[in-house]
Amino acid sequence: MALVKKIDHIAIAVKDLETAVQTFTANFGFPVTKQEDLAAFGIRNAMLQIGDAELELFTPTKADNPAAKFIAEQGEGMYVLSLEVENLAQATQALAAKGIKVGPPLPTSNGGRLVFISPKATHGVLLQFIERPKSQAGHPTRND
Amino acid sequence: MLKKIHHVGIVVRSLEESYAFYRDTLGLPVHKVATVEDQGVKAALLTIGNSEIELLEPINANGGIAKFLERRGEGLHHVCFETDNVSRELEGTVARGIPVIDKAPRKGLAGMICFLHPKANHGVLVEYAEPFPEEH
């Protein structure tokens, strides 16, 4: 059985959030489900729904956010691939057992948890495992 | 209408080497492997939920995938949205003045496909795909 359930979201680093939201809604018609200022992560973001997954447009609000460096060096673009897992602790342990480096669990704004996985293990992809709060598992619309 | 994420494309040096993580560690089944000569790429589609992860390995030094690998290294390359009608979707996109790479849909691994220009979408290379009828 697969360690991961589905693609949860793709995070796209942008310079100006409002412009990017306008572009993606105009170009593709994806509805915006949520906008937040996440001081703990040093970003402002907007979630756009596509099928059972989401696109996250985000812009760094602090110069030391790693995505600020990414934008400065490579330009805007896809930054994180987030995969939903049923049980974050189990999934993290399965990676650790194979010697793969995983960051500490971080709380999401709606009561879930996530971890980042070293791009060295994933062929250059900044991968994230996310466990949704149990009441919302499988439902991309967040009603917190 | 764009229905869902059909797949996320990831450029790798070697499909075989990348299977160790994506197939064996994540446990995602490989359901299709094909070489697309004119794109200079060997690709594998791995199922994840009702989407896929597409691993892309260059087969020569000239294609876009080889150039991406040389310039950026391994990593996220494109996102593909599924549609019922790729011709109509592309016509609508062009009519809205959005820059595209493919002026007409062409046959790809995921079905009939086309690519939009990344400058249209904040650096994100977007693909549309209408899956082949037998793969719906």
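Modeller: The cover over the buried residues of α1(A) includes β3 and β4 of chain A, together with β1 (2-11) of chain B. This is a predicted model.

Biologist: Which residues of α1(A) are called buried, and what makes a residue buried?

Modeller: A residue is buried if 20 or more other C-beta atoms lie within 10 Å of its own. In α1(A), A20(A), F24(A) and F28(A) are the buried residues.

Biologist: How do you know that they line one face of the helix?

Modeller: Seen down the axis of α1(A), the buried residues fall within an arc of 30°, so they line one face. The face turned away from the buried side carries Q22(A) and A26(A), which are exposed.

Biologist: What span should α1(A) have, at 1.5 Å a residue?

Modeller: The expected span is 1.5 Å times one less than the number of residues. For the 12 residues of α1(A) that should be 16 Å, and the end C-alpha atoms are 16 Å apart, which agrees. After α1(A) comes G29(A), with a positive phi near 75°.

Biologist: Where does α1(A) lie on the strands of chain A?

Modeller: Helix α1 (residues 17-28) lies across β2, β3 (43-50) and β4 (53-60) of chain A, at about 155° to β4(A).

Biologist: Which element gives the largest share of the side of chain A that touches chain B?

Modeller: In the interface, 31 residues of chain A are in contact with 29 residues of chain B. The largest share of the chain A side, 5 residues, comes from α1(A).

Note on methods:
Residues are numbered from 1 along each chain as its sequence is written. Chains are lettered from A and ligands numbered from 1 in the order in which they are written. This is a predicted model: local features need pLDDT of at least 70, side-chain atom pairs count only at pLDDT 80 or more; totals for chains, interfaces and linings use all residues. Two residues are in contact if their C-beta atoms, placed from the backbone, lie within 7 Å. Axes are lines fitted to C-alpha atoms, for helices over the stretch in contact, and angles run from 0 to 180 degrees between N-to-C directions. Helices (H or I, at least four residues) and strands (E, at least two) are DSSP runs, numbered from the N terminus. A residue is buried if 20 or more other C-beta atoms lie within 10 Å of its own, exposed if 12 or fewer, and partly exposed in between; C-beta atoms are placed from the backbone. The arc is that of the directions from the helix axis to the C-beta atoms.
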